[in-house]
Amino acid sequence: MTRDTNTQRVAVDIGGTFVDAITFDRETGAVELEKAATTPSQPSNGVLDSVDKVGADLPATEAFVHGTTLGLNAVLERDGARTGVITNEGFTDVHEIGRTNLERDAMYDINYQKPESMVPRRRRLGVPGRLDADGAVVEELDEDAVRDAAAELVEEHDVDAIAICFLHSYQNGQHERAAADIVRDAHPDVSVSVSSDITGEYREYERTSTAVLDSYIKPIFENYVDTLGGALADAGFEESFFITRSGGGTLTAESAKTAPVHTILSGPAGGLIGASQVGSITNRDNLITVDMGGTSLDAAVVEDGSPVVKYDSTLEHQPMLIPVYDIRTIGAGGGSIAWLDGDLLKVGPESAGADPGPICYDNGGTDPTVTDAALALGFLDPGDFLGGEMDTAAEAAIDGIQETLADPLDTTVEDASRGVFDVALATTVGAIREITVEKGLDPRDFSMMAYGGAGPMFVPLVARELGVKEVVVPQAPSVFSAWGMLMADVVYDFSQTQIAVLDDVYLDTLEAAFDDLEAEGSETLSEEGIGEARQRLERTIEMRYLGQEHTVEVDADGVADLDELADRFEAQHETRYGHTMNDPVQVVHLRVRAIGENDKPTLDPQPPRDGALEAAGSRDAYCFAAGEFRDFDVYERGDLTPGDELDGPAVVTEPTTSLVFHSDQSATVDDYGHIVVTTEDEQ
């Protein structure tokens, strides 16, 4: 089939409990969506099930976009590849020593024990060879030593992957590339990660850690992508297969296989891409996004129209020098298990997942979860779960809450279920404060966007607690991350460390460095088949005052002179920290983001209602505003049109999720079909 007849785009987001699939036909504008159960033992099967269920016509599909938590789960569960490290002689302990500092929450814990290294000392080997801080060769690489080190790692320690990280390779990657060639030639079945291919920035420990994380997930990721890609090809798909990046945008599956660490948070990234698009269309530049799925809850900030990106994040105590969205993930999903620590009620982080799932799934689960508590509080209809496709065991769920929580606490099922929500709410509010209040942002200046299967049910409570003025529930919230993936452009990031005081820098020098990064970015996009007309290159510089540790990212596009660059830095610094200083300004990193623009689904206004809105029914549910069970009006989302107004307490149902808001809240439907929930001002 020729590309001219391929008009469909497919996006699939795999989570801990469900796989979400969505199709978009570029020619007709039609959108279809479905959910299928996650298959933990063979993740690609769940993806293929969702594709089949949504009715995707793979031979007529021009692009398949995928977000996966496969790499993230491997790190969280310490279930990745057996990894070794080759580095400079005398520096084999860089990865374990780290910064010798403690995590903030362990700072005063006298019983603190540092997490075990992902690569034990016996699998970290050093070889002769050295570059200086400018990238000049001080000592030639001992290629025989590299060959021997690789043989020892493979033959004696049975490694599946090797990370290569040498001092100052961000300035000159020749020794790393030579070592990688030697390892690949001698051991073609071993995955190799090269630090200078992943990041062009300084800090040896952080670069080593990033390369180790890449190696740790690489064999698993390569096998998964090859298996899924082969199955898609067998079904007739012949076009572009993309993976969502942790820092926004997508990259081809083949490119993702070379550095899978860039996809480690690819699932949650899709929702942020979609949220920024909806925010742009509805004139909401500042958003707090809350994605509550079956296994976890992800919170993030969209500021001035763009999701906040970090370049020095951590995952399970391991630093990463790659661009990632600043997302706080907590174990507070619909499948998070409620349990007792003595007389203290806790929720998560352990999840019932897809198998066996919550008790009400009737699949062998015996531990009460947030979903079971929601059913007990009347927020879910046991006879209409997943649009009636899934049978539920409501009585078993209530019995499980009674036996596991209510009886030991000498309370009722109602109070225990409300307590589950209270605990999850407190945890969520704490995570959101970390990315707002602790960074000088007032949540009340933001709108909140709720999505994920459990987000619309839970987030209106979060907004009440934080004083957020409104909650936006987009169309198809339960598959919103997959929808966001359809909105993603192809994105590659390029960076170069160039530390210098601004007074000692020439604008021509910066321009030349940016030109080199842009040439690399443009070439990469062209190799992906993206013509110049669809290419966009964005420049930024990370800067700081001399003596500071942390940097501020400054827009470097269209800078006329260094004075203008300094002014932009000071304006950004004052916005972030509330002050400026008289100290010299220092340049640290140059960055270029290369963007290949894709066709995207459009959001068109919908026609208003012709006639009055009527509720589809009512049911008893717990109203948190009133502190008691109340009669909730029940509406079907498919019946709502722009201009509709709904007073709380009410439930709005759709096949894959339910929106719940309380007696001090009301909702309206905007021109695009989004539901906007507002809370009454306190008197």
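The following exercises, each with a worked solution, concern the predicted model shown above.

Residues are numbered from 1 along each chain as its sequence is written. Local features need pLDDT of at least 70, side-chain atom pairs count only at pLDDT 80 or more, totals for chains, interfaces and linings use all residues, and side-chain values use heavy atoms, with hydrogens and water left out.

**Exercise 1. The nonpolar cores**

Task: Identify which members of the largest nonpolar core touch the most other members, and list what Leu565 touches.

Solution: 

Step 1. A nonpolar core is a set of buried Ala, Val, Leu, Ile, Met, Phe, Trp, Tyr and Cys residues joined through side-chain atoms within 4.5 Å. Buried means under 20% relative accessible area, exposed means over 50%, and partly exposed lies in between (1.4 Å probe, protein chains only).

Step 2. The largest such core has 77 residues, and Val47, Phe64, Ile541, Met543 and Leu565 touch the most other members.

Step 3. With residues up to four places away in sequence not counted, Leu565 touches Leu502, Leu510, Ile541, Met543, Val554 and Val559; contact means heavy atoms within 4.5 Å.

Step 4. Another core, of 73 residues, lies apart from the largest one and has Phe421, Ala424, Met448 and Leu646 among its members.

Step 5. As background, in soluble globular proteins nonpolar side chains tend to be buried together.

**Exercise 2. Aromatic pairs around Phe624**

Task: Determine how the rings of Phe421 and Phe624 are arranged, and where the two residues lie in the chain.

Solution: 

Step 1. Rings of Phe, Tyr and Trp (its six-membered ring) pair if their centres lie within 6.5 Å; planes under 30 degrees apart count as stacked, over 60 as edge-to-face and the rest as tilted. The structure holds 13 aromatic pairs.

Step 2. The ring centres of Phe421 and Phe624 are 6.1 Å apart and the planes stand at 40 degrees, so this pair is tilted.

Step 3. The pair links distant parts of the chain, 203 residues apart: Phe421 belongs to helix α12 (residues 413-435), and Phe624 to the loop between β29 (617-623) and β30 (628-636). Helices (H or I, at least four residues) and strands (E, at least two) are DSSP runs, numbered from the N terminus.

Step 4. Phe421 is buried at 1% relative accessibility, and Phe624 is buried at 15%.

Step 5. Phe624 also pairs with Tyr622 in an edge-to-face arrangement, 5.1 Å centre to centre with 85 degrees between the planes. Tyr622 is buried, at 3% relative accessibility.

Step 6. Ring pairs join Phe379, Phe421, Phe458, Tyr622, Phe624 and Phe629 into a cluster.

**Exercise 3. The setting of Asp620**

Task: Is Asp620 buried or exposed, and with which residues is Asp620 in contact?

Solution: 

Step 1. Asp620 is placed in strand β29.

Step 2. With a relative accessible area of 54%, Asp620 is exposed.

Step 3. Neighbours within four places in sequence aside, Asp620 contacts Leu377, Gly378, Phe629, Arg630 and Asp631.

Step 4. Asp620 and Gly378 are separated by 242 residues in sequence, yet their C-alpha atoms are 6.2 Å apart.

**Exercise 4. The buried side of helix α1**

Task: List the buried residues of helix α1 and state which elements are included in what covers them.

Solution: 

Step 1. In helix α1 (residues 43-53), the buried residues are Pro43, Ser44, Gly46, Val47, Ser50 and Val51.

Step 2. They lie on the same side of α1, because they cover an arc of only 160 degrees around the axis. The arc is that of the directions from the helix axis to the C-beta atoms.

Step 3. Their cover includes β1 (8-14), β2 (18-25), β3 (31-37), β4 (61-67), α2 (70-76) and α7 (204-234).

Step 4. Gly55 follows α1 and has a positive phi, near 75 degrees.

**Exercise 5. Backbone geometry**

Solution: 

Step 1. Arg203, although not a glycine, has a positive phi of about 95 degrees.
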